[in-house]
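Have the viewer open and click along as you read.

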Amino acid sequence: MYLDSGGLELLFGNERKHKVVLPARLEDGSRPNISYLLKYLVDNLMKDQRIDMFIMEDNVYVNVTLRVYSNSINDVDRRPGILVLINDADWELEGEETYELQQGDNIVFVSTLHGG
Amino acid sequence: MGSLDETCASLRAQIIATEARLAGLKRDLANAEQAAQPETAATAEIQHKDQNGEGKRWPLLQEEYKRYGRQMIVSQVGLKGQLKLRSARVLLVGAGGLGCPAAQYLAGAGVGTIGLIDGDTVEVSNLHRQVLHRTKNVGKYKVDSAIESLKELNPHPTYIAHRTHLTPEEAPAVFQDYDLILDCTDNPATRYLISDTAVLLGKPLVSASALRTEGQLVVLNNPPRAPGDKTGGPCYRCVFPKPPPADSVVSCADGGILGPVVGTMGVLQALEAIKVITAPEIDRPCPQDPPSLHIFSAYSSPLVRTIRLRSRRANCAVCSAEATVTLDTIKSRSMDYVFFCGSTNLPSLLGPEERISAREYNERHPNVTSDSSQLHTIIDVRDEAQFGICSLENSINIPISNILSSSYTAGLQGADTGQPAAQVPSWLPSEVASSESTNPIYVVCRLGNDSQIVVKKMKELGLDQHGKRFIGDIRGGLRSWKEQVDPSWPEY
C-alpha cells in the first residue's frame, strides 16, 4: 500500500510517502480496514508523539495512549481538519473506517489549509 | 560634512517640491477625466444607438469585441458566455494573495460587476504575492488599492469597494447583491460564515486557501439549491462539519507562503468562477461534475491531485432538511463563529518571575564573549529557516517542533531527595543539560508564545532542578529585542 501524508509529514518523520505492507487476513480472519491502518500508523510509523494532532475523539482533544486507542477504536475519529482519502475519494464515499484495504490502495491524509 | 548636509537638504526640498507638483498634476488629470466622462458616455450611447439602429445587431461595444475576442472565440465561452460574464455580479471576500489574482482575471475577462470586501490596509510584507497592490499604496485600503489597479486594466466593469471586514450582521445584506461569491479569506471562522451565508442566499461559492507550498480549491453549493434539496452541491460544512482545533491553524504570517502558490490558487478561482458563470443552463437535477477538491502541491508530482468529495450531508447544519443555521441566527450572532472555531489567543503560561524583558536580558548578559557565554544558555525555538535569517549571538537553535515531538520516558525517582530526577531529553546538548550546572537557561522565539510553551515543558521535565536553576523566556520574543535593544534587527 502506498501512503501520502499530504502535509502531515511533520508527524511522520518528515517523510511524505510511506509504503506499508499489511497482512491480507488478520488473526480473527477479517481483512484489515482503515481503523486497522490508523492504529498501525500510530503504532509503527508516527515519529511525533503528539497523537492528538492526528486523532481526536469526537470533539474533545484526547491524548490517546495506544492502549486506550485500541480499546475504544470505534469511538476514535480522525481529527477535524484532516481529510482521509481512499484512492482519491473522500473516505465518506467508501465506508470510512470500515473500508477494507485492497492491494495497491492509495491512502492520503490531507490537512485543511486556511491561509490566503 | 557641511556641504554634504546642504546637498541632502537641497535634494529633500526638491523631492518635496516635485511630489507637490506631481500631486497637482494628478488632481488636474482627475478633474479633466471627470469633465471628459459625460462625453465618453455620450459617445458610447451614440455608438449603442447606431448599433440599435441597425436592429440590435451588436450587443457589445466595438472595443469589447476586440478586448474579449481571444476568449470569445473559445467555444466554451462564445458571445453567449461573454454576455453572461458582462451581466454577472461577483463578490470577492478578501483582497489579498487569493483575491488579487482572482480579481485581476475576472476584471480582464469582463465580469460586469466586481465587489471587493476587505478591511485591511496594504503592508510591505503583502507585496510579494498580492499582485494588484503597488509599493506606493502601502497604508491604503486593500480594496481601494486593488480597484485602482483593476481600473487601469479594464475600465468597463463596475467596481464596488467594501472597506470593512465581513461581519455576521452585514454578510447577508452584502451577499444579496451578487450572483457568485469567492472565498479569498485567511481564517476558518470567516470561511464558515461565508459558506453558511452563500448557501442560505442560494449563491454558488468558489473557495480556495494556501499555505507555504500548498493550496486547495473547491467549488461549493453548486448548483445552489435550497437547503434540504439533496441535488444541490455540498457546502463547506458538509466537507468540514467541525472546525480544526484553533491551535492547529497556521496563518501565512506564521507559516509562510510562496507568491506563485497562492497566485495559482487565486487564478484557479477566477477560472472556476468563469466556468460557473458561463455554464449552459441545465434543467437536469444532477450537476455536470461530481463535487471535487483540488490539492496543489508545489514540490510534488503531479502538481495537482483531484479528489472526489461527498455530496450534501444529510444532517448538515446549513444545507440539509435538518438545518439549524438560518440568516437570523447568523445576523443575531446566536451562531457564534469565533466561539465555534475556538480562540487562538494564548493565555500567558508563565508567571512574571519566569519571564524577563529583552532589555533586562541584554543588561544581565552584555556583550557576550565566548567566555561569559559559558555562564548562560540562550535557546532559540524558531524553525531552522527563521533562525537562518537572523539569530542572537551564541544562541542555539532547537525548533519547538523537535521539542514537542520528542518522546519522554517517565521520570525516575531521585535516590536522595525522593523527588523525580530530571529527564534529559535528546534535543538538549548534554553540556547544557548537566545537572552540575545551575547557569540560567533563556528561551526566545519570534513573538514570545512558543518560548513559554518550551519553558513550561523544560520545567515539567525537571530541568530547573526544582527551582535551583532559572529557566525563563524573553517576553515579547525577538520583536521586543528589536524594540528595546537592537533597532537594526531585521523584522521579517
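1. Ground rules. This is a predicted model, where local features need pLDDT of at least 70, side-chain atom pairs count only at pLDDT 80 or more, and totals for chains, interfaces and linings use all residues. Residues are numbered from 1 along each chain as its sequence is written, chains are lettered from A and ligands numbered from 1 in the order in which they are written, and side-chain values use heavy atoms, with hydrogens and water left out.

2. Chain B as a whole. You'll find 18 helices and 13 strands in chain B; helices (H or I, at least four residues) and strands (E, at least two) are DSSP runs, numbered from the N terminus. Of its 492 residues, 44% are buried. Buried means under 20% relative accessible area, exposed means over 50%, and partly exposed is in between (1.4 Å probe, protein chains only). Now look at contacts (heavy atoms within 4.5 Å): among those in chain B between residues at least 6 apart in sequence, 65% join residues at least 24 apart.

3. Helix α18 of chain B. Go to residues 477–484, where B:Gly477, B:Leu478, B:Ser480 and B:Trp481 are buried. These sit on the same side of α18(B), because they cover an arc of only 155 degrees around the axis. The arc is taken from the directions from the helix axis to the C-beta atoms. What do the buried residues of α18(B) pack against? Their partners in chain B are α13 (358–364), β10 (377–380), β12 (441–444) and β13 (471–474).

4. Salt bridges inside chain B. A salt bridge here is a side-chain nitrogen of Lys or Arg within 4 Å of a carboxyl oxygen of Asp or Glu, and the count over all chains is 19. Start with B:Asp473 and B:Arg355, whose closest N and O atoms are 2.8 Å apart. This pair links distant parts of the chain, with B:Asp473 in strand β13 and B:Arg355 in strand β9 (residues 355–356), 118 residues apart. Both B:Asp473 and B:Arg355 are buried.

5. A salt bridge within one helix. B:Arg364 and B:Glu360 form a salt bridge at 3.2 Å between the closest N and O atoms. They both lie in helix α13 of chain B, 4 residues apart, about one turn of the helix. Are they buried or partly exposed? B:Arg364 is partly exposed at 43% relative accessible area, and B:Glu360 is partly exposed at 31%.

6. A serine in a loop. B:Ser300 lies between β7 and β8 of chain B. With a relative accessible area of 18%, B:Ser300 counts as buried. Its side chain makes a polar contact with the side chain of B:Ser297 (2.8 Å). A polar contact is a pair of N or O atoms within 3.5 Å; within protein, one must be able to donate a hydrogen and the other to accept it, and residues adjacent in sequence count only if both atoms are side-chain atoms.

7. Helix α1 of chain A. In residues 34–44, the buried ones are A:Ile34, A:Ser35, A:Leu37, A:Leu38, A:Leu41 and A:Val42. Looking down the axis of α1(A), they fall within an arc of 165 degrees, so they line one face of the helix. At the start of α1(A), a side-chain oxygen of A:Asn33 comes to within 3.2 Å of the backbone nitrogen of A:Ser35.

8. Where the chains meet. Here 44 residues of chain B are in contact with 35 residues of chain A. The area buried between them is about 3,000 Å², and carbon and sulfur atoms give 54% of that. Buried area is the accessible area (1.4 Å probe) that two parts lose on being put together, summed over both. B:Lys242, B:Arg305 and B:Arg308 supply 21% of the area that chain B buries against chain A, more than any other three residues.

9. Pairs across the interface. Between chain B and chain A there are 4 salt bridges, and 13 residue pairs are in polar contact (both at pLDDT 80 or more). One salt bridge to click on joins the side chains of A:Glu94 and B:Arg308 (3.8 Å, N to O).
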